[in-house]
Amino acid sequence: MSPEPVSGVGPEPVRRDAAGARSAEGEERGEGEERSKDDTVLHSTTASGVSWITLNRPEAMNALTPEQRERIIALLADASADPAVRAVVLTGTGRGFCAGADLRDAPDRVRERLPGDVARTVRLGAQRLVAAVLDCEKPVIAAVNGTAAGIGAHLAFACDLVLAADTARFIEVFVRRGLVPDGGGAYLLPRLVGPQRAKELMFFGDALSAADAERLGLVNRTVEAGELEAVATAWAERLAAGPTRALALTKQLVNDALTGDRATAFAAEAAAQEINMTTRDATEGVVSFTERRTPDFQGR
């Protein structure tokens, strides 16, 4: 049975995005109305500067199409460049966060597969998506509302913070289909839970509950399903009120910490400090401390 569509997750948007996605301000899709491609990825930005990106194919457990993947990549790039956006929430509608890549509508192969074709597809597809999350210059929160499988799990794990409904599940589904994990899974999981746990998850492909994912360190916090939106909103607004450039530089330092030696990490830290001290928010942080008041960060 297909999951029932639910209302869009996230607070009421205040503006329409550049690609023309509709806001939720009284615009509900009619019962018999055909959904446009834009409607499969909903996007809105709140007055506090939180960009909500919502996968919206609940009947398919939000299995990801190439069009949706490209839209998410573009929206994350827009978030990086837009000073009005100061945090991002990635979530889904229905019972699935993202059930993996949707292969049902993949075009028929029109020629013989040549060496390099698969590697190119992975590089330009799943890996670009995960890289877009890791490289986004704004903090990205995954609000995992349901099943996250395959690339859907890796999409969540790539986010800076992961909130999960207590009904959510995470599945390294690749082994069940005789496949090697893609979307950076073998890069992300060992860094999050260590190599032995990563191999256990990937070798067996068993479903992992939200509570177990939190215990392993894959999830920051598990909340009741009905509280997910409220907690994600609170976390995102807190980040949006923070020093945006300092957060971006901190994200970069942490993401790079396990890929280089100490000298490289220390040099990157010093460079980040140099860059950050030129921002208005850094000046405001120091001045507000000396004046014994709460800082008013503007994201600049």
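How many nonpolar, polar and charged residues are in the lining of the largest cavity? By class, this lining has 8 nonpolar, no polar and 2 charged residues; Ala, Val, Leu, Ile, Met, Phe, Trp, Tyr, Cys and Pro count as nonpolar, Asp, Glu, Lys and Arg as charged, and the others, Gly among them, as polar. The model is predicted, with local features requiring pLDDT of at least 70 and side-chain atom pairs counted only at pLDDT 80 or more, whereas totals for chains, interfaces and linings use all residues. Residues are numbered from 1 along each chain as its sequence is written, and side-chain values use heavy atoms, with hydrogens and water left out.

**View 1. The largest cavity and its lining.** A search of the whole structure finds 1 cavity of 30 Å³ or more. About 50 Å³ of space lies in the largest cavity. On a 1 Å grid over the protein atoms alone, a cavity is a set of points where a 1.4 Å probe fits but cannot get out, and lining residues have an atom within 4 Å of a point. Grid points are joined across faces, edges and corners, and a volume is the space filled by probe spheres set on the points. The lining consists of A153, F157, F170, I171, E172, L189, L201, D206, L208 and L218. At least two lining residues each come from α4 (151-157) and β8 (169-171); helices (H or I, at least four residues) and strands (E, at least two) are DSSP runs, numbered from the N terminus.

**View 2. The second largest pocket.** This pocket holds about 800 Å³ of space, a pocket being an open set of points with protein on both sides within 12 Å along at least five of seven lines. Its lining comprises 33 residues, of which L134, D160, K251, V254 and N255 lie nearest its centre. Two or more lining residues are given by each of α3, β7 (161-165), α5 (185-193) and α9 (244-256). Helix α9 provides the largest share, 10 residues. The lining divides by class into 20 nonpolar, 5 polar and 8 charged residues.

**View 3. Packing of α1 against α3.** Helix α1 (residues 66-81) and helix α3 (residues 126-135) pack at an angle of about 20°, with their axes 9 Å apart. Axes are lines fitted to C-alpha atoms, for helices over the stretch in contact, and angles run from 0 to 180 degrees between N-to-C directions. The two helices are therefore roughly parallel to each other (angles under 35 degrees count as roughly parallel, over 145 as roughly antiparallel, 65 to 115 as roughly perpendicular and the rest as oblique). R69, E70, I72, I73, L76 and S80 in α1 meet A126, R128, L129, A132, V133 and D135 in α3, contact meaning heavy atoms within 4.5 Å. This contact has 7 nonpolar, 1 polar and 4 charged residues.

**View 4. Packing of α2 against α3.** Helix α2 (residues 117-124) packs on α3 at an angle of about 25°, with the axes 3 Å apart. α2 and α3 are therefore roughly parallel to each other. From α2, T121, V122, R123 and L124 meet A126, Q127 and R128 of α3. By class, the contact residues are 3 nonpolar, 2 polar and 2 charged.

**View 5. Packing of α5 against α6.** The angle between α5 and helix α6 (residues 195-204) is about 130°, and their axes are 7 Å apart. These helices are therefore oblique to each other. G185, A186, L189, P190 and V193 of α5 make the contact with P195, R197, A198, L201 and M202 of α6. The contact has 8 nonpolar, 1 polar and 1 charged residues.
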